[in-house]
Amino acid sequence: MKILIIVFSPGGNTLKVAHMIETAFQKKNQEVQLIDITANNEYLYNPNLREKLRLDLKGVDVIFIGAPVYAGHAEQNILTLIKALPKPENGIKNLAVPFVTYGGVHSSIALEEMGKQLKKRKYKSLLGIKMVARHNLTRTFSVIINKNKPGCVENCLVDQAIEKICDLLHDEKRNICDQSTSFKYSSLKRRVVFHLLSQESFHKKYKNVSINSEKCIGCNMCISICPVNLFKSEGEKIVFARDKNNCILCAECFHACPAGAVEHPYIEKARLRLKDGKIKLEEEASAIYTL
């Protein structure tokens, strides 16, 4: 069995879970390939993304797709990738497993919308995985939400999920059904609100990150850390390589800058929304979803 894991991981949490999945399959002597599309222009800005994915999926039995949760939604770059998936045919199998990581406040409809988009592309979700993780925006807050997550509990949950999948795929009498209906675990009210309000509707007006040229020391940390390659260097100055609308408000540049030159207005908005890290968190923090 060959497994492909595709992950977008601005702060490293989703990649950590991807490595847990990779290790779990390797323990079962399965072939695993992991593709991290973070800061990878071949996936983020490729006009021929579908053809690129067609090549990646050849000979793959199950594709795992991982995304962080932003404003109750699966991060937009992963949703774009799912929409670009080639339909299962000509050697491309139709089995998938979406997984998300989130800061613990709420995961809302992220897993649900990934399952929905996979189904539109004719893929069956074997199950869905939700993993609690450190809320990276809270690194400068009074309380860092889920500071040491994902950890041992989440690793055990991954092992359980992989065991379920292997048992299912090795059952010769198996009848594989799409499990995405089980991803609708959030309350009806929350689901309605987030289906009406897109990720962009929450974030658009805060995409005005800037570099204070008087503070900037030209270390290029913002360039190397940005998951969507937003910055570039021109002489001694850091400038925007792309439209600011490509910013995903992950604040990795803000936290990495040693000179405090990155001005990121969303940090203070997040501090208020998250009550300086003391907000109530979602119950059943990490879970496997299946019918």
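This is a predicted model: local features need pLDDT of at least 70, side-chain atom pairs count only at pLDDT 80 or more; totals for chains, interfaces and linings use all residues.
Which residues does Glu75 touch, if we do not count residues up to four places away in sequence?

Residues are numbered from 1 along each chain as its sequence is written, and side-chain values use heavy atoms, with hydrogens and water left out.

Let me start with the whole chain, which has eleven helices and twelve strands; here helices (H or I, at least four residues) and strands (E, at least two) are DSSP runs, numbered from the N terminus. The C-alpha trace spans about 65 × 40 × 35 Å along its principal axes. A compact globule of 291 residues would have a radius of gyration near 19 Å, and the chain agrees with that, because its own value is 19 Å; this radius is taken over C-alpha atoms, and the globule rule is 2.2 Å times the number of residues to the power 0.38.

Of the 291 residues, 51% count as buried, where buried means under 20% relative accessible area, exposed means over 50%, and partly exposed lies in between, with a 1.4 Å probe and protein chains only. If we take the contacts with a separation of 6 or more, residues 24 or more positions apart account for 78% of them, a contact being heavy atoms within 4.5 Å.

Now to the opening question. Glu75 touches Phe8, Ala67, Pro68, Tyr70, Gln199 and Ile248, not counting residues up to four places away in sequence. Glu75 is found in the loop between β4 (73–74) and α4 (76–83), and Glu75 counts as buried because its relative accessible area is 0%.

Next, the interior. In soluble globular proteins, nonpolar side chains tend to be buried together. By a nonpolar core I mean a set of buried Ala, Val, Leu, Ile, Met, Phe, Trp, Tyr and Cys residues joined through side-chain atoms within 4.5 Å. The largest such core here has 61 residues, and those with the most contacts inside it are Ile37, Ile65, Leu85 and Met114. Strand β3 (residues 62–70) gives the largest share of this core, five residues.

A second, separate core of 28 residues includes Leu127, Met131, Ala161 and Ile288. Of these, Leu127 is found in the loop between β6 (124–125) and β7 (128–132), and Leu127 counts as buried because its relative accessibility is 3%. The partners that Leu127 touches, again beyond four places in sequence, include Val97, Ala161, Ile165, Phe183 and Ile288. Leu127 and Ser180 are 53 residues apart in sequence, and their C-alpha atoms are 7.1 Å apart in space.

Helix α5 (residues 110–120) is mostly covered, since eight of its eleven residues are buried, among them Met114, Glu112, Glu113 and Gln117. Just after α5, Lys122 takes a positive phi of about 75 degrees.

Asn229 has a positive phi of about 50 degrees although it is not a glycine, and Asn229 sits in the loop between α9 (221–225) and β9 (231–234). Lys275, also not a glycine, has a positive phi of about 50 degrees and lies in the loop between α11 (266–273) and β12 (287–289). Are these two residues buried or exposed? Asn229 counts as buried because its relative accessibility is 16%, whereas Lys275 counts as exposed because its value is 56%. There is also a cis peptide bond that joins Lys149 and Pro150, with omega about -5 degrees, and Pro150 is placed in the loop between β7 and α6 (152–169).

Finally, consider Gly59, in the loop between α3 (49–57) and β3, which counts as partly exposed because its relative accessibility is 46%. Leaving aside neighbours within four places in sequence, Gly59 is in contact with Lys2 and Gly91.
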